[in-house]
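Please read it alongside the sequence and the structure shown here.

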Amino acid sequence: MEKTLRLAQEPQADALLSRSPLADLIGMLLDQQVPMEWAFSGPYTIARRMGADDLDAHEIAGYDPDEFAALLSAKPAVHRYPGSMAQRIQQLCRYLVDHYDGDPEALWHDVADGDELLDHLKELPGYGPQKAQIFLALLGKQLDVRPPGWRAAAGVYGEERAYRSVADITGPESLARVRAHKQEMKRAAKAAKDDKP
C-alpha cells in the first residue's frame, strides 16, 4: 500500500497512514467526537510514544492496558476520551491477532466482493455499519482495494465525489467540503428534531 493519504493534514502522520493499514483502521476507530485530522493523527502519536516507526497489532494487543491508557492520555491526549479509546484500540488489535494473525490486510485479501469485505469490517470491535462503509469507501477510493461491488457495498460513501466522509479527503479543499457536509447534516438533524411535536 504505497498511496499517499492526506487525512491527518500533517506530513509525518499522513506518511504513516499511507504505509500502514493498521494505522488507517485505528484512525478510523478514533474518528468520532473529535475533528477528523485529530483522529487520523492519533496513530502516529501512538507509534511515536511506543518508540516505533509503525504499529503492530501483536504489540498493541499485548500491551499492559493501564500503560497503554496512560500512553494515550499523556498530553496532548490522543483523543477526547483516551481511556476508553485505548481499550477499543486494544480490542481491535486483539481481534486482528485472533482472527487474522495480526495482519489487517487479510481483512480484504481474497474477498469475493464488496459485501464480504463489508461483513469483515462490521465484525471489527468498534466498527458499526456506518464506520465500516466509510472505511470500505476509503479503501476503494484511495487505496485501490476494489473488490467487485465495492461502491454499492459502501453505500452513499462509495459515490464518486460525494464529499461525505474521510474517504473523500485528499487535501485541505476536500477536507473543507467534507466538513461543510457534516455541518449541514448536523443542522438538518437538529432542525428535524426541533420540528417534532
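The structure discussed here is a predicted model. Leu30 belongs to helix α2. With neighbours within four places in sequence set aside, the contacts of Leu30 are Ala39, Gly42, Pro43, Val78, His79, Met85 and Ile89.

A pairing across the sequence also involves this residue: Leu30 and Ala86 are 56 residues apart along the chain, and their C-alpha atoms are separated by 9.6 Å.

## Helix α2 as a covered element

How many residues of helix α2 (residues 21–30) are buried? The count is 10 of 10, and the helix is described as mostly covered. The buried residues of α2 are Pro21, Leu22, Ala23, Asp24, Leu25, Ile26, Gly27, Met28, Leu29 and Leu30. Asp24, a charged residue, is thus among the buried residues of this helix.

Which helices do the buried residues of α2 pack against? They pack against α1 (11–19), α3 (36–49), α4 (57–62), α6, α7 and α8.

## Phe40 in helix α3

Phe40 is a residue of helix α3. Its relative accessible area is 0%, so Phe40 is buried. Not counting residues up to four places away in sequence, Phe40 touches Leu7, Ala8, Ala13, Leu17, Asp24, Gly27, Met28, Asp31 and Val166. Of these partners, Asp24, Gly27 and Met28 are also listed among the buried residues of α2.

The C-alpha atoms of Phe40 and Leu29 are separated by 9.1 Å, with the two residues 11 places apart along the chain.

## The nonpolar core

The largest nonpolar core comprises 64 residues. Within this core, Ile26, Ile46 and Ile89 have the most contacts. Helix α6 (residues 82–100) supplies the largest share of the core, eight residues.

Ile46 links these positions directly. Apart from neighbours within four places in sequence, Ile46 is in contact with Ile26, Leu55, Phe68, Leu71, Leu72, Val78 and Ile89.

Two packed helices are described by the angle between their axes and the distance between the axes. For α2 and α8, the axes come within 11 Å and cross at roughly 140°. This angle makes α2 oblique to α8, and the crossing is right-handed. On the α2 side, Asp24, Leu25, Met28 and Leu29 meet Lys131, Ile134 and Phe135 of α8. The residues of this contact divide into five nonpolar, no polar and two charged.

Helix α7 (residues 114–122) packs with helix α8 (residues 129–142) at an angle of about 125°, and their axes are 9 Å apart. The consequence of this angle is that α7 is oblique to α8. The crossing of α7 past α8 is right-handed. From α7, the contact is made by Gly114, Leu117, Leu118, Leu121 and Lys122; from α8, by Pro129, Ala132, Gln133, Phe135, Leu136 and Leu139. Eight of the residues in the contact of α7 with α8 are nonpolar, two are polar and one is charged. Phe135 takes part in the contact of α8 with α7 and in that of α8 with α2.

## Backbone features

Most residues other than glycine have a negative phi, and most peptide bonds are trans.

Where does Pro76 lie? Pro76 is in the loop between α5 (65–73) and α6. The peptide bond from Lys75 to Pro76 is cis, with omega near -5°.

Gln9, in the segment before α1, has a positive phi, near 60°, and is not a glycine. Its relative accessibility is 30%, so Gln9 counts as partly exposed. Asp144 lies in the loop between α8 and α9 (150–153). Phi of Asp144 is near 60°, again a positive value in a residue other than glycine. With a relative accessibility of 40%, Asp144 counts as partly exposed.

Note on methods. Residues are numbered from 1 along each chain as its sequence is written. This is a predicted model: local features need pLDDT of at least 70, side-chain atom pairs count only at pLDDT 80 or more; totals for chains, interfaces and linings use all residues. Side-chain values use heavy atoms; hydrogens and water are left out. Axes are lines fitted to C-alpha atoms, for helices over the stretch in contact, and angles run from 0 to 180 degrees between N-to-C directions. Helices (H or I, at least four residues) and strands (E, at least two) are DSSP runs, numbered from the N terminus. Angles under 35 degrees count as roughly parallel, over 145 as roughly antiparallel, 65 to 115 as roughly perpendicular and the rest as oblique. A crossing is left-handed if the near helix is turned anticlockwise from the far one by less than a right angle, and right-handed if clockwise. Contact means heavy atoms within 4.5 Å. A nonpolar core is a set of buried Ala, Val, Leu, Ile, Met, Phe, Trp, Tyr and Cys residues joined through side-chain atoms within 4.5 Å. Buried means under 20% relative accessible area, exposed over 50%, partly exposed in between (1.4 Å probe, protein chains only).
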